Amino acid sequence: MSELAPGAILGNRFELRTRLGEGGSGAVWLARDSELEEDVALKVLAPELARSDRHVTLLREECHKARQLQHPNIVRVHDFHELDGHYFISMQYVPGGSLVQRRGMALGKLLPLLVMVCDALEYAHRNGIIHRDLKPSNVLVDPRGIAYLADFGIAASVDPDVVQLRGGGSLPYMSPQQLDGAAPAIADDIYGIGSLLYELVAGQPLFHPGASAERVRDEVPLIPETDGTGQDLPDSLRSLLTVTLDKAPERRPAGIAAVRSVLDEAVSYTH
């Protein structure tokens, strides 16, 4: 297996340009695809994980799940590849960074992006997929201001009869139920969108600093009164944060449409 570096070419097709980021399962690279004649992003499995049949299978399944979803606010996945000893997924490249760089911005700029995320989630849920890893780094924003939901690596089926991965995810974005390994549910994504909204408004993650499993399970977060610019949060948004981050899934909104409705109203408030 060759060492990956800028300029390396995989399978006489993908020329690596820049490492865009790194996560628990491997690295994401910007590459030039000579077959499609366009820039793409490659999610490459880490060498130590590439020796595990289980991790290779999980990456292949991630590709399969993501390819089922064709939506203008979901990163388009092209294919799964095994080339030159590397296992990776090729996908749409979205320049412009992620919501990480937009934490603490004015509500008027944040809320339209979250509405797009809700559209993507509602579509995924209708198609039987729960994302389960909603966090700022998994929402990309292009120079036109279009948001794209990315990384369905631990996504699960809505169907409770499907045997699938439980747990997984990232503190502090997991619901208490996901943290404890309960069966995946849409309520996990409701909690996730609440944690995403909280971080964008507060400028820092839930339970920062020192996020822990115990705090996720037991601590009721203090809801911000203003956004990062000092503008007062509408009461509807503060209520939305309270209910989406409720420890009990049955007390959260039943679906993403209800969340989107509140965000839509708040968009009008901020203009």
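Analyst: In this predicted model, D119 and R260 form a salt bridge whose closest N and O atoms lie 2.4 Å apart. The pair joins distant parts of the chain, with D119 in helix α3 (residues 107–126) and R260 in helix α8 (residues 256–269), a separation of 141 residues. D119 is partly exposed, its relative accessible area being 21%. R260 is likewise classed as partly exposed, with a value of 23%. Buried residues are those under 20% relative accessible area, so D119, at 21%, falls in the partly exposed class.

A further link between distant parts of the chain is made by R217 and D180. Their side chains meet in a salt bridge with an N to O distance of 2.7 Å. R217 belongs to helix α6 (residues 213–218), whereas D180 sits in the loop between α4 (176–179) and α5 (186–202), 37 residues away. The relative accessibility of R217 is 33%, which places R217 among the partly exposed residues.

Salt bridges with shared partners also connect R13, D33 and E35 into one network.

Another pair is E22 with R19, where the closest N and O atoms are 3.0 Å apart. E22 is exposed, with 61% relative accessible area, while R19 is partly exposed at 39%.

In total, the structure holds 16 salt bridges.

How values were computed:
Residues numbered from 1 in each chain as written. Predicted model: local features only at pLDDT ≥ 70, side-chain atom pairs only at ≥ 80, totals over all residues. Heavy atoms only, no water. Salt bridge = Lys/Arg side-chain N within 4 Å of Asp/Glu carboxyl O. Buried < 20%, exposed > 50% of the residue type's maximum accessible area, 1.4 Å probe, protein only. Helix = DSSP H or I, 4+ residues; strand = E, 2+ residues; numbered from the N terminus.
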